Amino acid sequence: MALKVEVVSRESVVWVGEAKYVRARTRNGDIGIMAGHIPTCALLAEDGELLIQPVSGEKVTTRLHEGFLTVSNDRVTIAAKHAKI
Amino acid sequence: MGAQIRVYRQKIASTSSMKKIFKAMEMIATSRINKARKSADAASPYADALTKAVTAIATQNSISHPLINRSANSRRSAVLVLASDRGLAGSYSASVLKKTESLIEKLRSEGREVQLYLVGRKAKSYFDFRERSYERAWEGNTDNPNIDMAVEIRDALLDAYSRPYEQGGVDDLHIVYTEFVSMVTQETTILRLLPLAVAEARDFGEQIVPGQQLEDDQFTQNSAFEFEPSPQEVLDELLPRYIASRLYACLLEAAASELASRQRAMKSAGDNADELIKKYKRLMNNARQAAITQELSEIVSGADALAS
């Protein structure tokens with residue numbers, strides 16, 4: 001089962017798709033998310049790196065500014081003030 | 001007689017040039033509505049993500065935050081008025097201001113003081129003219145708001161909200177703005193933004209994933225949610241952003257409504273100009289006909305006088 005990932009910034013949707021694995025840097029350290037993760041809501045580090053391993057294709061990385069992340073029911077939403085891929 | 005025809009000709013010329021201006025303004029408004037609605041659509045995924053996160057936290061009853069719960073006993077209210085910068089938008093600003101007046105009246109009758117925050121030159125000049133005081137006013141860009149404007153307004157409002165009553169703080173915040181229902185219907189609405197009424201868990205489940213039973217179940221047992229670093233910190237961070245995104249949504253909606261009313265006002269102005277032109281043309285033709293008739297009768301009567 002794959003994760004449904006959505007990366008949004010204040011102005012637009014940056015990336016949407018299915019992924020095997022998502023890694024993000026929270027204030028406390030890196031967090032890795034795979035399918036079946038418990039519901040989580042976390043603040044991301046200032047200017048932290050985000051890595052998405054899509055189901056098919058190359059890894060996607062981006063830097064996030066003032067972001068946060070929610071996981072529930074295999075849906076991962078990453079929202080940030082600024083994000084670009 | 002010739003003078004009369006000339007006057008009508010001038011009137012027709014000036015009316016048709018006005019008609020061109022109305023037409024242009026109508027077209028500008030139409031294209032800008034689409035732009036405003038597009039930016040509203042583009043901003044909504046971020047707003048949804050924020051709503052989702054905030055609701056997840058807020059449904060954990062153990063959490064309390066000054067932005068969510070406040071004492072029911074409110075002594076001073078802030079009112080944010082979203083009107084337009086420019087006129088020529090029909091009754092847009094007037095109806096917002098009318099609604100504001102009735103809200104102020106209502107709040108005062110409940111024994112509260114009212115602090116005004118104004119957006120738009122029309123709102124500012126309304127209160128300036130009546131020499132009534134307001135806390136702050138923002139001008140410019142009401143038909144094309146950006147997120148920075150929303151953040152600036154939020155900072156001013158949160159500052160007032162966080163101060164205690166004795167230092168001029170407010171206990172709640174209302175927004176008067178115009179909701180964009182459709183191109184033909186816009187409704188002046190009062191929204192209480194603070195203290196926040198965060199959507200219920202059930203609403204939220206329906207809002208994000210319609211009809212998914214599993215999602216619903218998860219939110220009824222929201223102790224399952226894990227927060228990093230801590231629920232309180234997440235809440236402290238996200239609530240101000242949530243407010244900014246709500247404000248931004250209101251600004252965008254008000255902008256779309258303003259443009260829609262301007263478009264409608266300009267359309268009817270153009271139609272009226274058409275009718276005026278038609279009327280003047282008829283009058284001009286009458287005058288020309290009368291001049292010809294008069295000349296003819298002068299000739300005829302002159303000839304008659306010579307013949308007899």
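Tutor: Start with what a record says about a stretch of chain, and keep in mind that this is a predicted model. The unreviewed UniProt entry annotates residues 3-83 of chain A as "domain: ATP synthase F1 complex delta/epsilon subunit N-terminal".

Student: How much of residues 3-83 of chain A is helix, and how much is strand?

Tutor: The span is 70% strand and 0% helix. Its end C-alpha atoms lie 20 Å apart.

Student: Next, the nonpolar core. What is the general idea?

Tutor: Nonpolar side chains in soluble globular proteins tend to be buried together. In this model the largest nonpolar core has 52 residues. The members that touch the most others are Leu80(B), Leu82(B), Ile153(B), Leu238(B) and Leu247(B).

Student: Which elements each supply at least two residues of this core?

Tutor: From chain A, strand E4 (40-43) does. From chain B, the list consists of helices H1 (2-58), H4 (147-162) and H7 (231-307), together with strands E1 (76-82), E2 (113-119), E4 (172-180) and E5 (186-194). H7(B) provides the largest share, 12 residues.

Student: What does Leu80(B) touch, leaving out residues up to four places away in sequence?

Tutor: Its contacts include the aromatic residues Tyr117(B) and Trp138(B). Val119(B), Ile153(B), Leu157(B), Leu173(B), His174(B), Ile175(B), Val176(B) and Leu247(B) are also touched by Leu80(B). A second, separate core has 21 residues, among them Val5(A), Ala19(A), Val60(A) and Ala83(A).

Student: How many cavities of 30 Å³ or more are there?

Tutor: A cavity is a space where a probe fits but cannot get out. The count here is 1. The largest cavity holds about 60 Å³ of space. Residues lining the largest cavity include Leu82(B), Tyr92(B), Asn141(B), Met149(B) and Glu258(B). H7(B) gives the largest share of that lining, 4 residues. By class, the cavity lining has 9 nonpolar, 2 polar and 1 charged.

Student: What is the volume of the largest pocket, and which residues lie closest to its centre?

Tutor: A pocket, unlike a cavity, is open. The largest pocket has a volume of about 680 Å³. Of its 26 lining residues, Ser44(B), Ala47(B), Ala249(B), Cys250(B) and Glu253(B) are the closest to the centre. Two or more lining residues come from each of H1, E4 and H7 of chain B, and H1(B) gives the most, 10 residues.

Student: How does the lining of the largest pocket divide by class?

Tutor: There are 16 nonpolar, 4 polar and 6 charged residues in the pocket lining.

How values were computed:
Residues are numbered from 1 along each chain as its sequence is written. Chains are lettered from A and ligands numbered from 1 in the order in which they are written. This is a predicted model: local features need pLDDT of at least 70, side-chain atom pairs count only at pLDDT 80 or more; totals for chains, interfaces and linings use all residues. Side-chain values use heavy atoms; hydrogens and water are left out. UniProt positions are given in the numbering used here, feature names are shortened, and annotations may be inferred rather than shown by experiment. A nonpolar core is a set of buried Ala, Val, Leu, Ile, Met, Phe, Trp, Tyr and Cys residues joined through side-chain atoms within 4.5 Å. Buried means under 20% relative accessible area, exposed over 50%, partly exposed in between (1.4 Å probe, protein chains only). Contact means heavy atoms within 4.5 Å. On a 1 Å grid over the protein atoms alone, a cavity is a set of points where a 1.4 Å probe fits but cannot get out, and a pocket is an open set with protein on both sides within 12 Å along at least five of seven lines; lining residues have an atom within 4 Å of a point. Grid points are joined across faces, edges and corners, and a volume is the space filled by probe spheres set on the points. Ala, Val, Leu, Ile, Met, Phe, Trp, Tyr, Cys and Pro count as nonpolar, Asp, Glu, Lys and Arg as charged, and the others, Gly among them, as polar.
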